Structures are given as C-alpha cells and as structure tokens.
Amino acid sequence: MIIEATALLGLPVATSQAVELGRVCGWAFDGRRARVAALKVNRKGPDALLPWMEISHIDRQVVVSDLPVIPKESDALVQLARSTGAIIGVRAKTEGGRGLGRINDLFLEAETGLIARFYIRNFLQDRLIPRQFLVAITPKDIIFKYVVETPVFDTVAAEAPAGS
C-alpha cells in the first residue's frame, strides 16, 4: 500500500491490544536509504520516536505497534533524524542546481517506509518524481538527476512503477 506522509499526521498510534500510545506528529528520515526511519509520536511527556521497523500495521486510520510502550530513543536514531532534516518543505533541484520547487508530500510504501515518489509543488507546475531519479537528500536540498528537466520526463515518470 502507498500512503502519503502528510496523511499520517494526527493518526493514533496504538498497541496490537488497542492501547493508545500517542499520535503521529512528524517523521525522522534516513536520507541515505530514502525512507522513513521512525515516526515522531506526541504522547504524555516528551515526544518520542517510534522506529518504523517496530510498526506492525499502518493504514489511513491507525498506526499499530506490537510494542507495549515506545522504546527509549537510540542516539543513532536521534542523530539520523537531525542529519537528514525534515524533507517536506525542503527545496528540490537538479544535479545542475536548477530549482524544481519544494517537496510538498511524499508517497511511502507502507510496509517498508521507503519513499516511492516525491510530490513537488512549484508555482507553475506540480510534479511527482519517482525515487529512482533521486541523487541525494540533504537537510537543505533534495537533488534529482538531470533527466527530470527533459520535456518528456513527466509523461515517462507517470508510467513508472511506484516501487521502482
């Protein structure tokens, strides 16, 4: 299943026994692997990071974890979240530096957390760019291959499989 990253905001996070742990209030991304590493969960007390690998089910209504509580955040996960940045709202550009717009949303593979497509909003044109055209994710820029500038790219990209 493909789900929009922004559709996760506000969803309840519960255990498999239906005990609510909190609500999704953000993400932590792994830029090297182009995937969500964890969901940021608003709960009583400080927000916490729920590792994606601890999610047993996710859909448009609920996020389910088999864990009875959200585990203590690892230093590695916190560092990963800081080093990649937010992604949504970040500038998108080509390898040559040509601006494409800003990342407005991400289409995620629910089972793995992999980013399948980037939704880019620009004043003149909104675009969907599949992950196979990704070059790098940095805290300030999401960089795509030159080919996304070609006139036929949007037609070809629309026909590309989502998981490619």
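Predicted model: local features only at pLDDT ≥ 70, side-chain atom pairs only at ≥ 80, totals over all residues.
In which sense do β1 and β9 pair, and over how many bridges?

**View 1. β9 meets β1.** The two strands pair in the antiparallel sense, with 3 bridges between β1 and β9. Ile3 stands opposite Leu108 of β9.

**View 2. β8 and β9 form a hairpin.** Strand β8 covers residues 91-94 and pairs with β9 in the antiparallel sense over 3 bridges. Arg91 has Arg102 in β9 as its bridge partner. Between the strands of this hairpin lie 4 residues, and Gly97 takes a positive phi near 95°.

**View 3. β9 and β10 form another hairpin.** These strands run antiparallel and are joined by 6 bridges. Leu106 finds its bridge partner in Phe118 of β10. The hairpin has 5 residues between its strands. In the turn, Gly113 has a positive phi of about 80°.

**View 4. The largest nonpolar core.** This core holds 39 residues. Leu8, Phe118 and Phe144 have the most contacts inside it. Several strands each supply at least two of its residues, among them β3 (20-30), β9 (99-109) and β10 (115-121). A second, separate core has 7 residues, including Ala37 and Leu80.

**View 5. Phe144 and its contacts.** Leaving aside residues up to four places away in sequence, Phe144 touches Leu100, Ile103, Phe118 and Ile120, among others. Its contacts also include Lys93 and Glu95.

**View 6. Leu11 in its loop.** Leu11 sits in the loop between β1 (2-4) and β2 (12-15). Leu11 counts as buried because its relative accessibility is 8%, under the 20% cut-off. Beyond residues up to four places away in sequence, its contacts include Val24, Asp59 and Val62. Ile70 lies 59 residues from Leu11 along the chain, and their C-alpha atoms are separated by 15 Å.

Key:
Residues numbered from 1 in each chain as written. Heavy atoms only, no water. Buried < 20%, exposed > 50% of the residue type's maximum accessible area, 1.4 Å probe, protein only. Contact = heavy atoms within 4.5 Å. Core = buried A, V, L, I, M, F, W, Y, C linked by side-chain atoms within 4.5 Å. Pairing = 2+ DSSP bridges.
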